[in-house]
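Here are some quick notes on the charged pairs, for when you go through the model. Have a look at the structure first.

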Amino acid sequence: MKSAVNTQQKIGQSPAGAADFMDPDDLRTEFAMAMSAMYQQEVPLYGNLLDIVRHVNQDVLRRKEKDLAVDTVAIRASTERLTLERHGAIRLGTPYELRTVKRIFAVLGMYPVGYYDLSVAGLPMHATCFRPTSVQSLRRNPFRVFTTLLRPDLLADEDARQLSGKLLQRRNIFTAELLGVLDTADSAYTQTNKSNMSTAAKLVFKILDLL
């Protein structure tokens, strides 16, 4: 979790004269980068994969730059966008968890898009995808999170349904501190469509604790 701590410090430190608020697109980028750093620490091969993708993109860019008719500025911007983390996934067990995650993603400028009934594939769950919706936000950072919600009623075994119900009643994936930070972020976002820098840092840090 060292990377999460470093990220919290980085976001929380704004240079002299800098704005005290961070817009959702920037906060989403910070979160995606922090999540990527955490994954690379836990699974080094994931970092190797990112390096391969980056090198391939750079190689293609060098080849394209030889063609004077190509807009190299546009290509570089596209390459940088491709190297951003593009998606994640989270599995939820209760409607309350989904409502809370929806609040978190809203602060990151991400909203539910689409509905997927996974029962047709034999899975007892349904899903949506949280992502930015405006063209401008998608261009800045297209990060999205595929989110599934368990449907215990679709479990074929009665014992499994009862056990899942008991386990879900007992579990609590959101700490009181996270919910407090989220309340503060909610309030600031409602008033300004931006998050306070310090609150943003704490929120990213607490979200990473969930993963």
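Is D51 buried, partly exposed or exposed? D51 comes out as partly exposed, at 33% relative accessibility. Keep in mind that this is a predicted model.

1. Start with the partner of D51. D51 makes a salt bridge with R54, and their closest N and O atoms sit 2.8 Å apart. Both belong to helix α3 (residues 44-65), and because they are three residues apart there, about one helical turn separates them. R54 is also partly exposed, at 32% relative accessibility.

2. R103 and D183 form a salt bridge, with 2.7 Å between the closest N and O atoms. R103 sits in helix α5 (residues 95-107) and D183 in helix α8 (residues 176-192), so this contact ties together parts that are 80 residues apart in sequence.

3. R140 is in helix α6 (residues 135-140), while D23 is in the loop between β1 (21-22) and α2 (24-42), so the pair ties together parts that are 117 residues apart in sequence. D23 is buried, with a relative accessible area of 18%; R140 is partly exposed, at 35%.

4. For the overall tally, the structure has 10 salt bridges.

Key: Residues numbered from 1 in each chain as written. Predicted model: local features only at pLDDT ≥ 70, side-chain atom pairs only at ≥ 80, totals over all residues. Heavy atoms only, no water. Salt bridge = Lys/Arg side-chain N within 4 Å of Asp/Glu carboxyl O. Helix = DSSP H or I, 4+ residues; strand = E, 2+ residues; numbered from the N terminus. Buried < 20%, exposed > 50% of the residue type's maximum accessible area, 1.4 Å probe, protein only.
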